[in-house]
Each structure stands twice: as structure tokens, then as C-alpha cells.
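Please examine the structure, then work through each solution in turn.

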Amino acid sequence: MEKSHEYKIELNELFIDFRQAFDTVYRSQMIETLKLMEIPNKLIRLIKMTMQNTRAVAETEHGRSEKFGINTGLRQGDALSTLLFNLVLEGTIRKLDTRGNISTKLTQLCAYADDLVIIAQTPNALNEMFLTLEKEARYAGLIVNQSKTKYMKTS
């Protein structure tokens, strides 16, 4: 950003937030991502075992519900959940063209934990990268939170 400012290059940034990120991950897609990342089969089987037959009970002012199964999302409070989410997000990002940097191409993607920012030299390049990211993220169960996703233009 400093170099862009120095050379008077306009930048467009889109800060992306995912809605209920840990709760919406498709487990089957997560397993496929782990396989593509060449995680050992033994570890994948162990991860699958921790998520099989996940059940919960909802409690309201009217009492408790019957037990119901949970088939999507990562377990809240589980130390493994953060790592698994990051691997799913990494798998999504790998499907995008992120080679180079903003001085050698029109777009750049920066990520930290579950926060992403797309930086582009033109609004069209930003929109194109966002649409591709949104499509790939949705395939993994990640839904962009439009109310918390913010656009910034620096010039």
C-alpha cells in the first residue's frame, strides 16, 4: 500500500467476513480438502471419527428439545476446529490465482485467521476475484457476510 501511494496507484480493498464461519463448513468438503492437501489417511480417519454422530440439545424457556444430529460445521471449543477451518480456507484460497504481488498483477489476496482482504488495482479486477472467491467458499460451506464485508478505496 505504501508503494502504491508513493507511485500514485489507486487501490481497491475488500475486507471479507464469513457468516458463522465455523458453523457452516461442509464436513464432506473438509475431508476432500484434507485429502487434496495430502494429510495422512490415518489423521483424516481420526478427524472423521471425532465428528461422527454429533448430537445436540436446544434449551429454551419452554424446556429442552429432543436430541438432534449435527452434520455441518466444526465443533465449538474444540482445539482442532481452528486448524480445520484454516485448512478449509486454505483449500479455498488455493483454487484462486494468488501468485505474484500487487505490483506485478491486478489483484492480491491477504489472509489472517478467518479474515481476508482482496486488494486490486481496478474495481473490475476486485469484483472478478471476489466472485471467484465467493463461489469457491460457498462450495466449502462458507458464506460471505455482506453486512460485515467492507470496501475501501485508497488513492
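**Exercise 1.** Identify how β1 is joined to strand β10.

*Solution.* Strand β10 (residues 150-154) runs antiparallel to β1, and five bridges join the two. Strands are DSSP runs of E with at least two residues, numbered from the N terminus, and two strands pair if DSSP finds at least two bridges between them. In β10, Lys153 stands opposite Asn12. The model is predicted: local features need pLDDT of at least 70, side-chain atom pairs count only at pLDDT 80 or more, and totals for chains, interfaces and linings use all residues. Residues are numbered from 1 along each chain as its sequence is written, and side-chain values use heavy atoms, with hydrogens and water left out.

**Exercise 2.** Find the aromatic pair and describe its geometry.

*Solution.* Rings of Phe, Tyr and Trp (its six-membered ring) pair if their centres lie within 6.5 Å; planes under 30 degrees apart count as stacked, over 60 as edge-to-face and the rest as tilted. The count by this rule is one aromatic pair. Phe22 and Phe85 form a stacked pair, at 4.9 Å centre to centre with 20° between the planes. Finally, Phe22 is partly exposed at a relative accessible area of 23%, whereas Phe85 is buried at 1%.

Terms used
Buried means under 20% relative accessible area, exposed over 50%, partly exposed in between (1.4 Å probe, protein chains only). Helices (H or I, at least four residues) and strands (E, at least two) are DSSP runs, numbered from the N terminus.
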